[in-house]
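Visitor: I am new to this structure and would like a careful tour of some of its side chains. Could you show it to me before we talk?

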Amino acid sequence: MTNLVSHTPIWSVLQQRAATTSSIKDLFKADPQRFEHFSASACGMLLDYSKQRLDATTLSTLLTLARQQKVEQRRAAMFAGEAINHTENRAVLHTVLRLPRDDAFQYQGENIAANVHQVLQQIRTFSDAVRSGRWLGNTGKAIRTIVNIGIGGSDLGPQMVCIALAPWAQKNLQLHFVSNVDGRHLTDALENADPETTLFVVASKTFSTMETLTNAKTARAWMLHAGCPAAQIRQHFVALSTNVEAATGFGIAPENVFPFWNWAGGRYSVWSAIGLSIALYVGADRFEEMLAGAHAMDVHFQQAPLEKNLPVLMALLGVWNINFLGLQALSIAPYHQRLSRLPAYLQQLEMESNGKSVTCDGLRVDYATAPILFGEAGTNGQHAYFQLLHQGANIVPTDFIAVADDDAGLPEHNQALLANCLAQSKAMAHGKNLEQVRAELPEVAESLLPHRVFEGNRPSSTLLLDVLSPTSLGALIALYEHKVFVQSVIWDINAFDQWGVELGKSLAQQLISLQPEAVREEYDSSTKGLLRALKKAQ
């Protein structure tokens with residue numbers, strides 16, 4: 001007897017339904033009001049999932065699966081602060097980071113919401129000082145360049161948000177994000193920077209991340225070489241970390257260490273002190289508006305019935321596509337240029353969270369988890385990988401994300417952008433058969449007609465935001481966070497650890513010298529050969 005969800009009767013029912021599911025085109029024919037029946041709204045956004053390959057009975061069965069897997073109970077456990085990250089014995093409380101100022105949250109005998117707002121006030125005070133020009137470098141000049149040094153969740157989140165909220169940016173501030181240990185990333189960021197007016201934000205929870213510390217040490221050497229006295233380094237460096245001792249040992253003043261907590265994982269930390277660069281760039285008011293948007297989605301996720309709950313619906317659609325239709329990839333297509341980094345952000349959120357192959361009880365799964373996620377901003381993606389989406393042998397579901405408001409003030413551009421978004425999802429769903437091609441192109445040779453056929457029946461969802469604002473962006477990010485959580489509950493995996501990244505880190509430390517003496521007998525011939533080849537080439 002196994003406890004795997006795939007061995008439950010409801011899973012078998014869904015497998016049977018997948019084998020007999022109608023095409024998207026037939027589903028629309030059978031239900032003229034399909035859009036009304038397969039759409040839901042919350043927090044200033046509309047989810048249209050009518051172009052997914054499922055009917056009302058299948059959706060009802062998926063909701064039964066969610067209830068069988070105790071999604072509602074696990075949701076309550078997360079919001080209550082239970083240690084649902086059981087492999088690290090930690091609570092998962094990133095939602096506390098966006099609670100309103102007057103709310104309290106007791107955890108281990110302490111009101112951690114008060115601690116959160118203390119850090120938010122620290123962020124506001126510091127960001128206001130930098131933005132107003134009151135925070136001065138070692139020579140008395142105001143800060144004009146900010147370099148965020150981090151990696152993973154300490155880079156992808158704030159970078160994505162700063163690009164998305166660029167209209168609110170302070171125009172006399174230049175912002176760079178450096179994550180790659182490849183020295184070119186840092187040197188490119190510093191190429192036109194003035195040491196006298198540059199501030200480094202070093203984001204590392206433990207202040208021990210190899211890539212981040214390597215870049216931070218090089219940045220410190222750059223400042224010292226430019227003539228900054230060691231005692232004045234504190235004017236040019238702040239840290240986002242739980243390790244105050246290591247940060248102060250680096251030369252950062254204790255009052256300029258912005259703390260956060262281990263109950264907020266890296267890829268869920270954009271709401272914490274990790275968001276300092278956001279506040280520096282667009283202001284503390286806009287940062288807190290983003291938190292409020294995320295909190296609104298938290299409330300929706302907690303209170304809306306599963307049938308109208310956006311994160312739950314998106315999670316179930318993913319489970320249906322991955323586990324029952326065998327569609328194991330997901331394309332993210334934001335039709336808004338400022339959301340260009342959202343696919344990269346969601347790659348980490350989804351694949352690091354749910355890229356697991358054992359259940360919470362340590363059993364090997366016999367079903368797929370986590371989509372292979374990729375994407376590009378529309379309309380660029382149309383001229384890159386959409387050919388595969390339309391006519392490739394592998395069917396890839398797509399999340400289209402569009403924004404109704406034209407904040408660029410170029411209505412013709414916006415109409416063309418939105419028309420492309422709607423046309424792409426329509427083409428993927430309905431396609432064009434051989435008879436239609438033949439009727440449209442009577443002069444084309446019969447042997448060439450199959451090249452013009454679009455099979456259709458390729459599922460997609462569309463998220464339509466009223467506007468792209470700090471508030472709506474916060475809600476959008478939280479929507480995907482909760483979607484990932486719901487899927488982890490259904491798959492019975494832990495979404496909040498990431499042991500898979502640790503082995504490569506430890507091996508890198510062994511190999512970091514790249515010297516022949518680093519070769520160990522237990523290394524495979526490829527590793528040995530590459531070390532010798534690198535030594536010879538260098």
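Guide: What follows is a set of questions and answers about a few residues and their contacts.

Guide: This is a predicted model, in which local features need pLDDT of at least 70 and side-chain atom pairs count only at pLDDT 80 or more, while totals for chains, interfaces and linings use all residues. Residues are numbered from 1 along each chain as its sequence is written, and side-chain values use heavy atoms, with hydrogens and water left out.

Visitor: Is arginine 267 buried or exposed?

Guide: Arginine 267 lies in the loop between β9 (257-258) and α11 (276-282), where helices (H or I, at least four residues) and strands (E, at least two) are DSSP runs numbered from the N terminus. Buried means under 20% relative accessible area, exposed over 50%, and partly exposed in between, with a 1.4 Å probe and protein chains only. Because its relative accessible area is 4%, arginine 267 is buried.

Visitor: Which salt bridge partner does lysine 356 have?

Guide: A salt bridge is a side-chain nitrogen of Lys or Arg within 4 Å of a carboxyl oxygen of Asp or Glu. The side chain of lysine 356 meets its partner at 2.9 Å, N to O, and that partner is aspartate 497.

Visitor: How many residues apart are lysine 356 and aspartate 497?

Guide: Lysine 356 is in the loop between α14 (342-354) and β11 (372-375), whereas aspartate 497 is in the loop between α18 and α19. Lysine 356 counts as buried at 16% relative accessibility, and aspartate 497 is buried with a relative accessible area of 4%. The pair links distant parts of the chain, and the separation is 141 residues.

Visitor: Where do arginine 98 and aspartate 298 lie, and how many residues apart are they?

Guide: The side chains of arginine 98 and aspartate 298 meet in a salt bridge of 2.8 Å, N to O. Arginine 98 is in the loop between α5 (71-80) and β3 (106-107), and aspartate 298 is in helix α12 (residues 284-303).

Visitor: Are tryptophan 261 and tryptophan 263 stacked or edge-to-face?

Guide: Rings of Phe, Tyr and Trp (its six-membered ring) pair if their centres lie within 6.5 Å, and planes under 30 degrees apart count as stacked, over 60 as edge-to-face and the rest as tilted. A search of the whole structure finds 19 aromatic pairs. For tryptophan 261 and tryptophan 263, the values are 5.1 Å centre to centre and 5 degrees between the planes, and the pair is stacked.
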